[in-house]
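Biologist: Please take me closely through a single part of this model and its surroundings, and state each cut-off as you go.

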Amino acid sequence: MVHQQRPQAHRSPSGDTEDTADMAMLLAPRLAHFAGVARIEHVTRAAQEMQVPQSTLSRAMVRLEQDLGVDLFARRGRTVSLTPAGRTFLGSVERALAEIGRAADEVRADADPATGKVAFGFLHTMGAETVPGLLHAFRADHPRVRFSLVQNYGEAMLERLRSGELDLCLTSPVPDAPDLVARRLDEQKLRLVVPSDHRLAARRRIRLAEAADETFVTLEPGYGLRRITDDLCQEAGFRPRVAFEGEEAETLRGLVAAGLGVALLPPPVIPRPGVVELTVTAPRAAREIGVAWLDGHPDTPPVAAFKKFLLSRKGNLLPG
């Protein structure tokens with residue numbers, strides 16, 4: 001038997017059918033009803049099971065066929081059976097509904113107060129000790145909360161906050177932007193790191209201006225610590241001569257140990273052989289650490305709990 005196709009109901013002025021997104025929006029509210037009728041093969045019983053008026057369900061199926069321009073059912077009274085087109089459509093509808101169900105389960109699970117998920121970003125320099133300690137302390141009271149962890153430099157994390165990929169991030173400098181909320185939590189002193197055989201290595205303290213003639217190794221532009229380094233050197237009266245740029249503080253320490261320059265860095269987790277770390281007396285060399293989130297973005301219960309925990313650590317965020 002040759003299947004009779006209905007006249008196409010929706011065409012653009014150019015003769016093309018509506019695009020996929022528009023058609024999906026048009027059909028989506030009726031797909032679950034279609035799947036129910038197709039499974040039960042009886043409009044009245046399907047309406048009773050789905051708790052929908054029978055007349056409403058019948059009209060919905062007729063409208064669905066009109067929107068598609070295809071007969072999905074062969075009707076015998078209130079009993080129906082799928083046409084070949086209907087069977088093809090049903091397979092895709094069931095897969096789509098199952099995927100929607102999985103997505104709904106996933107977002108509900110992520111928002112669960114006890115077992116939900118927090119997408120948390122932080123600086124590379126905080127990954128070895130600070131963040132593991134924070135997570136350990138938080139999970140003492142929230143043992144089943146899950147975390148998606150992202151290490152990156154400050155500007156990249158802020159962009160991921162804005163795109164919705166992160167819920168919270170620890171960053172430096174503390175951002176000042178109209179679309180973000182940021183709170184200062186702590187500060188970390190920076191030291192001038194020099195090779196162990198350097199002319200300044202016997203010193204314990206130094207004014208940054210005394211390093212004006214040195215070659216520096218720094219993080220790449222865009223990193224918060226690079227901006228702080230440039231600003232401190234400018235305040236000390238010079239512009240640093242940069243020989244090497246990197247992406248990670250411990251790599252810079254290795255470059256310093258190899259005699260390739262000096263660097264302004266936060267304290268290491270484990271002392272590095274081959275370098276000496278000098279206290280900078282002037283200008284005041286420190287970086288502020290803060291937590292940031294997107295303004296107006298609603299928090300799930302696990303995100304709200306972790307945010308409250310981080311704010312409670314103000315002044316006591318960093319180890320030691």
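Modeller: Helices here are DSSP runs of H or I with at least four residues, and strands are E runs of at least two, each numbered from the N terminus. The model is predicted, so local features need pLDDT of at least 70 and side-chain atom pairs count only at pLDDT 80 or more, whereas totals for chains, interfaces and linings use all residues. Residues are numbered from 1 along each chain as its sequence is written, and side-chain values use heavy atoms, with hydrogens and water left out.

I start with Ser 81, which belongs to strand E2 (residues 79-82). Ser 81 counts as buried because its relative accessibility is 19%, where buried means under 20% relative accessible area, exposed over 50%, and partly exposed in between (1.4 Å probe, protein chains only). Setting aside residues up to four places away in sequence, Ser 81 touches Glu 41, Leu 72, Phe 73, Ala 74 and Arg 76, contact being heavy atoms within 4.5 Å.

A nonpolar core is a set of buried Ala, Val, Leu, Ile, Met, Phe, Trp, Tyr and Cys residues joined through side-chain atoms within 4.5 Å. The largest such core has 35 residues, and those touching the most other members include Phe 120, Leu 170 and Phe 306. Among the elements that give two or more residues to this core are strand E3 (117-122), helix H5 (130-138) and strand E13 (286-294), and E13 gives the most, with five residues. Apart from this core lies another, of 31 residues, among them Ile 228, Cys 233, Leu 264 and Leu 278.

The side chains of Glu 288 and Arg 184 form one at 2.9 Å, N to O; because Glu 288 lies in strand E13 and Arg 184 in strand E6, the pair ties together parts that are 104 residues apart in sequence. Glu 288 is partly exposed at 36% relative accessible area, and Arg 184 is partly exposed at 34%.

Elsewhere, Arg 63 and Asp 67 meet in a salt bridge at 3.1 Å, N to O, and since they are four residues apart in helix H3 (residues 54-68), about one helical turn separates them. Arg 63 is partly exposed at 39% relative accessibility, while Asp 67 is buried at 3% relative accessible area.

How values were computed:
A salt bridge is a side-chain nitrogen of Lys or Arg within 4 Å of a carboxyl oxygen of Asp or Glu.
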